[in-house]
2 protein chains.
Amino acid sequence: MLAIGTVARRTGIKIPTIRFYEQEGLIEAPPRTESGRRLYSAHAVRRLSFIRHARDLGFELDDVRSLLDLSDQPDRTCADVDQIARLHLDEVEARIERLRALKRELTRIVSSCAGGKTAECRIIEALADHEHCAAPHPTPAKAVKKRRKSPKSSKKHRM
Amino acid sequence: MLAIGTVARRTGIKIPTIRFYEQEGLIEAPPRTESGRRLYSAHAVRRLSFIRHARDLGFELDDVRSLLDLSDQPDRTCADVDQIARLHLDEVEARIERLRALKRELTRIVSSCAGGKTAECRIIEALADHEHCAAPHPTPAKAVKKRRKSPKSSKKHRM
DNA sequence: TCTACATTTTCTAGTCACTAGAGGATCAAG
DNA sequence: CTTGATCCTCTAGTGACTAGAAAATGTAGA
């Protein structure tokens, strides 16, 4: 049985996040020592790794929940799992496509900079004027996802 | 001078979001009618369109703020603007790359399903075991960004 | 054994960029 | 004059964490 810090190191999930997952019911509340510290079994660690991996792959917590439920009932057909993954794959493909359109426009914008003053800066013009877009990029709802920013230090982002 | 609803329709930014931008200092507080309703000038509408477009392109509000500051001081060199856009382009390219790795792995996972029971489901196995990854996909910090979910109806997502 | 430091506990509140809803005032059209 | 659209302010909620406080506990070295 491992302490939470060890589990965190082993799974790459931060300590508060592990507690958060417990609170959200993604993992069971683990047994405790006499003094109240959490103790994790190898099984719990595997479950956490599963969650981590699924999250890395872009599954939302709700998706992860479904996946975990499915794997808890080993007589369900694999088709459900497959469907979740497949849906997700479609989303990923769509996202790649949108990002590529975005990249095209950004490239166009960046390369239009001639090193002058902002008064005649093409980037600002291009941003001010949606009409000039080469590619019809994402409509309101499907615009570019923003990253999370750490308060100090550098940005990290998941995509 | 236009009412907020008209501006919303014209820029594609929702009314509460316009007010939010005002509160965040991205746009000046507009003049009001006697009864307190906001009235926007053509200039304000252009500024909002600028914000909208930059947001669509994935710039964070802080980036947008810098861009706006820059465009407000027309004697600054264009280089600052270019740098922001260029940095952003780098991020977009990195994101595309990560998404492609992700797609490879998802494809592998999906295609491994043979229609059996979850007990022998490869998807779950694949998710449980990070080691089996074909491509070394994103490390903790740069995992896949999750989408925003509308409360009812379907997921929308910006990326 | 003492001390120092690391680790853990619970709790609350903050992040980003909005979005939703309540409850009320004001406006334009019929 | 009434109806319904639009607007106002305010608070609270979203997802998936992350940060910090204050206190208890564990462990390693002197």
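Visitor: Is B:Ala54 buried or exposed?
Guide: In this predicted model, B:Ala54 is found in helix H3 of chain B, which spans residues 42-56. Since buried means under 20% relative accessible area, and the relative accessibility of B:Ala54 is 0%, the residue counts as buried.

Visitor: How many Å separate B:Ala54 and B:Val64 in space, C-alpha to C-alpha?
Guide: Along the sequence, B:Ala54 and B:Val64 are 10 residues apart. In space, taken from C-alpha to C-alpha, the distance between B:Ala54 and B:Val64 is 6.5 Å.

Visitor: Which part of DNA strand C accounts for 82% of its atoms that come within 4 Å of the protein?
Guide: DNA strand C is surrounded by 20 residues, and the closest are A:Gly5, A:Arg19, A:Arg38, B:Tyr21 and B:Arg55. Of the atoms of DNA strand C that come within 4 Å of the protein, the part that makes up 82% is sugar and phosphate.

Visitor: Which element gives the largest share of the surface near DNA strand C?
Guide: By class, this surface has six nonpolar, four polar and 10 charged residues. The largest share of the surface near DNA strand C amounts to three residues, and it comes from H2(B).

Visitor: By about how many helical turns are B:Arg65 and B:Asp62 separated?
Guide: The side chains of B:Arg65 and B:Asp62 meet in a salt bridge, at 3.4 Å from N to O. B:Arg65 is partly exposed at 26% relative accessibility, and B:Asp62 is likewise partly exposed, at 39%. Because B:Arg65 and B:Asp62 are three residues apart in helix H4 of chain B, residues 61-72, their separation is about one helical turn.

Visitor: How many Å apart are the closest N and O atoms of the salt bridge between B:Glu97 and B:Arg100?
Guide: B:Glu97 and B:Arg100 are three residues apart in helix H5 of chain B, residues 79-111, and are therefore separated by about one helical turn. B:Glu97 is partly exposed at 39% relative accessible area, while B:Arg100 is partly exposed at 33%. In the salt bridge that B:Glu97 forms with B:Arg100, the distance between the closest N and O atoms is 3.3 Å.

Notes:
Residues are numbered from 1 along each chain as its sequence is written. Chains are lettered from A and ligands numbered from 1 in the order in which they are written. This is a predicted model: local features need pLDDT of at least 70, side-chain atom pairs count only at pLDDT 80 or more; totals for chains, interfaces and linings use all residues. Side-chain values use heavy atoms; hydrogens and water are left out. A residue is near a molecule or strand if one of its heavy atoms lies within 4 Å of it. Helices (H or I, at least four residues) and strands (E, at least two) are DSSP runs, numbered from the N terminus. Ala, Val, Leu, Ile, Met, Phe, Trp, Tyr, Cys and Pro count as nonpolar, Asp, Glu, Lys and Arg as charged, and the others, Gly among them, as polar. Buried means under 20% relative accessible area, exposed over 50%, partly exposed in between (1.4 Å probe, protein chains only). A salt bridge is a side-chain nitrogen of Lys or Arg within 4 Å of a carboxyl oxygen of Asp or Glu.
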